[in-house]
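Subject: Structure handover

Hello,

Here is the structure I promised to pass on. Please open it next to this email, and my notes follow below.

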Amino acid sequence: MTLREHIQVFRRAVKWMSSISRRYTLLLVVSSSLSAAVVYVPIYFSARVIDALVARAPVGTALFYAALTVGIVFAVQLLNGFLSSEKDAAFNMVWIKEEWSYSEKAMQMAYRSIEDPEVTKLRYRTRLENQTGQNLFYLYRDVELFTWQATKIASSLALTASFFTVSSVLAAWKLFIVAGVAATMAVRVYVTKRLNGLNRDFTASSVHMNILGECFNDYIGSYEAGKDIRLYDMGGFLADADLALNREYWGRNLENSYRKAAWTVPVTILDAAFKFGIYAVLIYAAMQGGVSTGSIAKYVACIMLLVETMANVVETFQKSLDNNHYLQRYFSYFDIPNTMYKGSLTVEKRDDNECDVEFRDVSFKYPNTQAYALKNVNLKFKVGEKLAIVGKNGSGKTTFLKLLCRLYDPTQGEILLNGVNIQKYDYEEYMSIFSVVFQDFNLFSLMLGEVVASSRDFEEEKVRECLRKANFGDRLEEMPDGVRSYLYKRYDRSGIEVSGGEAQKIALARALYKDSPFILLDEPTAALDPISEYEVYSNFNEISGDKTTVYISHRLASCRFCDKVAVFDEGRIVQTGRHEQLLAEGKGKYYELWNAQAQYYRRESRP
Ligand code: ADP
């Protein structure tokens with residue numbers, strides 16, 4: 001990193017810190033300067049006590065200094081105790097805000113970034129580095145350390161300044177002390193740089209292991225994986241894999257520690273030799289006279305603290321520079337741009353339904369892939385119509401929905417709503433016209449009403465109505481707390497466990513509650529039993545009302561209920577038309593799929 005980059009990162013970090021909590025920073029400064037300064041109170045007054053005793057002053061004088069020492073230390077400790085609880089409370093807020101900033105960023109990112117493995121890796125990595133105390137947390141620690149060290153240096157200098165004016169001590173000895181402090185610092189600068197380099201290399205080479213370890217922990221500890229782990233007896237396998245990973249990690253960690261020790265041991269020896277030199281100089285000064293006994297004790301303590309603290313400053317400063325590498329990566333996560341083009345047009349709401357949606361020669365490739373998931377798709381349907389999408393797995397049906405609701409933009413071609421490219425509409429407003437149920441929907445463990453409304457506030461009657469329409473009415477009746485029941489048992493012992501089919505019904509109710517003009521459903525009945533499936537499709541008109549509905553279905557019989565069917569095959573639309581019309585053709589993909597399913601049902605119904 002260049003100096004300019006260091007300054008930029010540092011400035012940004014300071015801004016970030018003050019936006020998160022100024023109060024916490026202030027508390028750190030006050031409490032650490034107080035704890036550093038209080039160390040010097042006994043040093044200063046002990047010198048006074050010794051001098052008073054040597055001068056045979058009245059005992060009251062020595063006792064007065066002793067009382068002052070104890071009193072001041074006691075008052076500072078009392079104040080710091082209070083500040084410490086304030087600090088803990090402020091830190092909790094910092095932690096919550098910092099965590100939230102990740103979630104907020106994830107929600108603001110373009111969907112394609114969320115699916116990008118590089119982004120996932122960056123997110124994992126920066127979060128792991130946070131947990132090891134790097135990034136923003138290190139910076140807070142820096143504030144604390146620098147304040148502490150600055151106070152100690154200032155106090156040490158203030159209490160030793162008089163030593164340099166003592167005429168009986170040779171100038172060469174005074175110079176020895178100054179040169180020694182400078183030399184110790186220079187050695188520390190070099191060694192700390194080496195140690196930081198070793199640490200950085202170790203962290204970089206362990207990223208993969210750390211991420212894998214984290215995934216193991218997440219999986220082993222996750223509620224959802226509990227059943228699979230037990231039924232497939234995966235415990236032993238997971239434990240072995242985790243153990244092997246840990247062994248490798250700790251083995252490399254040990255190697256790294258040896259490498260670091262090769263640098264730290266010589267520095268410690270040098271430090272010790274220098275400290276002995278200082279003692280020798282001061283003993284010599286005392287023997288020459290001109291310095292009081294109390295002052296000698298004070299100088300020894302202060303110069304030792306000064307040397308130690310100066311060396312610590314170097315370490316802190318270099319670690320702080322090193323942390324800038326982590327911070328740079330940390331900020332790069334927050335800098336991931338939202339690449340979706342965000343238009344500004346208002347989505348026109350027309351009551352006459354005289355509007356249409358058109359896919360015009362749309363092709364699409366997922367990021368970092370070569371194959372087209374959709375190729376030259378052309379399709380037009382009217383707003384208010386019900387469109388069914390059918391086709392084999394992997395033929396591009398879900399991708400079609402993702403493009404329609406702008407989770408992705410086409411690689412080529414355009415999608416038009418009322419003749420206007422959908423990219424030109426205000427992004428948030430355009431997204432809001434869709435209620436979508438994808439197959440991999442996720443329901444959070446909140447109150448059922450909150451889940452359906454996707455909000456803390458919900459209209460109870462509307463929630464009930466939507467759940468009834470989604471065929472969840474009977475189950476709802478059985479629940480003692482109704483829409484106020486908690487979903488799953490993650491946070492509430494009395495929470496309700498729902499089956500995959502029931503979860504799908506709740507997801508459908510959530511889409512209905514949103515009451516958007518477009519409903520997009522990716523196999524809305526895939527997890528339902530045949531009776532529930534029949535009921536959903538029988539009520540389909542009531543469920544979808546006059547809304548534009550696009551749904552992917554594997555049950556071709558359900559296509560009877562819609563105005564148009566689009567048949568997908570290998571990323572292309574190979575047929576469009578009404579159900580009866582496509583069957584009447586007597587050939588083609590739809591006819592093939594229909595016959596395959598019909599044969600299956602006929603075979604199943606034989607005695
Ligand atoms: P369908 O819904 O018809 O089963 P999809 O639209 O999900 O098919 O997938 C179409 C093609 O795109 C498949 O080949 C699938 O592997 C690929 N695909 C789907 N999602 C992704 C993704 N996130 N990244 C890369 N390829 C994907």
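Which residue stands opposite D356 in β2? K382 does. Some ground rules before the rest. This is a predicted model, where local features need pLDDT of at least 70, side-chain atom pairs count only at pLDDT 80 or more, and totals for chains, interfaces and linings use all residues. Residues are numbered from 1 along each chain as its sequence is written, and side-chain values use heavy atoms, with hydrogens and water left out.

Strands β1 (residues 356-364) and β2 (residues 374-382) are antiparallel partners, with six bridges between them. Helices (H or I, at least four residues) and strands (E, at least two) are DSSP runs, numbered from the N terminus. Two strands pair if DSSP finds at least two bridges between them. β1 also runs antiparallel to β4 (residues 412-417), and five bridges join them. There, R360 is opposite E414. The open sheet of four strands has the order β2-β1-β4-β5, with antiparallel pairing. β2 and β5 (420-421) are at the edges with a single partner strand each, so one side of each has no neighbour in the sheet. Helix α12 packs on this sheet and touches β1, β2 and β4. Contact here means heavy atoms within 4.5 Å. The direction of α12 makes about 120° with that of β1. Axes are lines fitted to C-alpha atoms, for helices over the stretch in contact, and angles run from 0 to 180 degrees between N-to-C directions.

Ligand site

α12 (residues 397-404) matters here too: with three residues, this helix gives the most to the shell around the ligand. The residues surrounding the ligand are E115, Y366, T369, A373, K392, N393, G394, S395, G396, K397, T398 and T399. The shell divides into two nonpolar, seven polar and three charged residues. In this scheme Ala, Val, Leu, Ile, Met, Phe, Trp, Tyr, Cys and Pro count as nonpolar, Asp, Glu, Lys and Arg as charged, and the others, Gly among them, as polar.

- S395: a polar backbone atom, at 3.1 Å.
- G396: a backbone N or O atom, at 3.1 Å.
- K397: a polar side-chain atom, at 2.8 Å.

On its own, the ligand has 560 Å² of accessible area, and the protein covers 61% of that. Accessible areas come from the Shrake-Rupley method with a 1.4 Å probe.

Six-stranded sheet

A second open sheet has six strands in the order β6-β7-β8-β3-β9-β10, with mixed pairing. At its edges are β6 (434-437) and β10 (572-577), each with a single partner strand, so one side of each lacks a neighbour in the sheet. Neighbouring strands are turned by 15° against each other on average, direction ignored. β3 (residues 386-391) and β9 (residues 564-569) pair in the parallel sense over five bridges. G391 is opposite F568 in β9. Helix α17 (residues 500-514) packs on this sheet, touching β6 and β7 (518-522). The direction of α17 makes about 180° with that of β6.

One more residue

M310 is in helix α11 (residues 293-334). Beyond its neighbours within four places in sequence, M310 contacts I153, V181 and M185. A150 is 160 residues from M310 along the chain, and their C-alpha atoms are 9.1 Å apart.

Best wishes

Notes: Near = heavy atom within 4 Å. Polar contact = N/O pair within 3.5 Å; in protein donor to acceptor, adjacent residues only side chain to side chain.
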